[in-house]
Amino acid sequence: MDFRAYLFFGGNCRDAFTRYQEIFGGDLTLLRMADVPSEEPPPVEQADMIIHAALVVGDATVMGSDDPTGGSAGAQGMSVTCAPDDVPSTERVFAALADGGEVTAPLSETFFSPAFGMCVDRFGIPWMVVAPAPESG
């Protein structure tokens, strides 16, 4: 079994996923409403909306789309968690995600991690970034 996050955006999915690819690397797929085979084209104002985005980084995938109803304004009751390979990578990722957003828990050492922090990015998505605990000898 595999669980994957699917994020909804209020018209800025392309910008969000382009930024996530800058931060995490990986392979990005963006499918616009206008790209979907249909007998009738989408309304002009929805043609460039993203109907499906997928960012694949190693074995991990995060997906999302624009909400054509315009009802999505960030996420509540959840966080996307990422665990970079080491503390320097965790610091870089956290700073990049927090840039233009809001830090809700500054990156700091905890009992379970040498670097853990929480933020809401500029697109309204909550993140938890956690460095792996050092292996005990």
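Which residues does glutamine 46 touch, not counting residues up to four places away in sequence? They are Met33 and Pro68. Touching, or contact, means heavy atoms within 4.5 Å. I'll come back to that residue.

First, the ground rules. This is a predicted model, so local features need pLDDT of at least 70, side-chain atom pairs count only at pLDDT 80 or more, and totals for chains, interfaces and linings use all residues. Residues are numbered from 1 along each chain as its sequence is written, and side-chain values use heavy atoms, with hydrogens and water left out.

Now the overall view. The protein chain has 2 helices and 8 strands. Both are DSSP runs, numbered from the N terminus: helices are H or I with at least four residues, strands are E with at least two. Starting at the N terminus, the order is β-α-β-β-β-β-α-β-β-β. The C-alpha atoms fill a box of roughly 65 × 30 × 25 Å along the principal axes.

How much of the chain is buried? Of the 137 residues, 33% are buried. Buried means under 20% relative accessible area, exposed means over 50%, and partly exposed is in between, with a 1.4 Å probe and protein chains only. The accessible surface comes to about 8200 Å². Carbon and sulfur atoms hold 53% of that surface. These areas come from the Shrake-Rupley method with a 1.4 Å probe; for residues, only the protein chains shown count as cover. Take the contacts with a separation of 6 or more: 52% of them join residues 24 or more positions apart.

Next, a sheet. Look for 4 strands in the order 5-8-7-6. The sheet is open, and its pairing is mixed. Two strands pair if DSSP finds at least two bridges between them. The edges are strand 5 (80–82) and strand 6 (102–108), each pairing on one side only. From one strand to the next, the twist averages 15 degrees. In general, strands of a sheet pair through backbone hydrogen bonds, either parallel or antiparallel. Strand 5 and strand 8 (residues 126–130) are parallel, over 3 bridges. Within that pair, cysteine 82 stands opposite valine 129 in strand 8.

What packs on this sheet? Helix 2, residues 87–98, does. Helix 2 touches strand 5, strand 6, strand 7 (116–120) and strand 8. Its direction makes about 170 degrees with that of strand 6. For such angles, axes are lines fitted to C-alpha atoms, for helices over the stretch in contact, and the angles run from 0 to 180 degrees between N-to-C directions.

Now some single residues. Arginine 19 sits in helix 1, residues 13–24. Is arginine 19 buried or exposed? It counts as buried, because its relative accessibility is 18%. Beyond its neighbours within four places in sequence, arginine 19 contacts Ala96, Asp99, Arg122 and Phe123.

Back to glutamine 46. You'll find it in the loop between strand 2 (27–32) and strand 3 (50–57). Glutamine 46 has 18% relative accessibility, so it counts as buried.

Alanine 34 is also in the loop between strand 2 and strand 3. At 35% relative accessibility, alanine 34 is partly exposed. Alanine 34 touches Pro42 and Ala47, leaving out residues up to four places away in sequence.

Last stop: isoleucine 51, in strand 3. Its relative accessible area is 34%, so isoleucine 51 is partly exposed.
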